[in-house]
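Thanks for making the time this morning. I would like to walk through one structure with you, so please keep the viewer open while I talk.

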Amino acid sequence: MGDSAHSTSPQLGQGANMALLDAAALAWAMDSTNDIPSALAAYAQMRRWHVRLYQFLSNVLTPLYQSDSSIYPMFRDIGAGSLGKIAPLPWLLAKLISGQLLLPHNPLLLSEKAGRGEAPGHKVV
C-alpha cells in the first residue's frame, strides 16, 4: 500500500495518505462484495484514476525535488509558493491529497455506517 504499491516517489510525502486511502478502499470493497476476487477488482477500479493521476504528478514533480539542476528548485519554489495560492489550485490539491478527486466512491465517507459508528465489515452489537 502507499508509495511502494503505486510506484510513486516518496519525497512528495503522500505515502501514508495513499496507504490510508488504499486501506479504506479495500475495506469498503471487502464489505461491498461477496468474494475476494470481486473485492480486489472493486478496489482496483476504485483506486485506478486517483493512483494514475498521482503517479503522473509524481513523475512530473520528482525532477523538481531530485535533480542536480539549479533551475528546477526555482520553478518548484515559485510554483509552490505563488501558483499554489491561485484558485482553484488549493482546492484541487486538497481534493487530490485527501483522495476525494477521481474516485467513483469516496471510501472515507462511509455515510450511514460512519454515522452509526460502524467500520466496514464490522457490525455494531
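**Helix packing, confidence and a few local details**

Let me begin with a pair of helices: α2 passes α3 in a right-handed crossing. This is a predicted model, and I will come back to its confidence in a moment. The axes of α2, residues 15-32, and α3 come within 8 Å and cross at roughly 150°; since angles over 145 degrees count as roughly antiparallel, the two helices are therefore roughly antiparallel to each other. On the α2 side the contacts include M18, L21, W28 and M30, and on the α3 side they include I36, Y43, H50 and Y54.

Now to confidence. The mean pLDDT of the protein is 77, with 78% of its residues at 70 or more. Helix α3, residues 36-65, has the highest confidence, at a mean of 88, whereas helix α6, residues 111-115, has the lowest, at 48. Over residues 120-125 the pLDDT falls below 50, although this stretch still has 12 contacts in the model beyond near neighbours in sequence.

Turning to the rings, how many aromatic pairs does a search of the whole structure find? The search returns zero.

Finally, a point about the backbone. Most peptide bonds are trans, but a cis peptide bond joins A87 and P88, with omega at about 5°. P88 is placed in the loop between α4, residues 72-81, and α5, residues 89-98.

Definitions and conventions
Residues numbered from 1 in each chain as written. Predicted model: local features only at pLDDT ≥ 70, side-chain atom pairs only at ≥ 80, totals over all residues. Heavy atoms only, no water. Helix = DSSP H or I, 4+ residues; strand = E, 2+ residues; numbered from the N terminus. pLDDT = per-residue confidence, 0-100. Contact = heavy atoms within 4.5 Å. Phe/Tyr/Trp six-rings, centres within 6.5 Å; stacked < 30°, edge-to-face > 60°. Axes fitted to C-alpha atoms, helices over the stretch in contact; angles between N-to-C directions. Parallel < 35°, antiparallel > 145°, perpendicular 65-115°, else oblique. Left-handed = near helix turned anticlockwise from the far one by under 90°.
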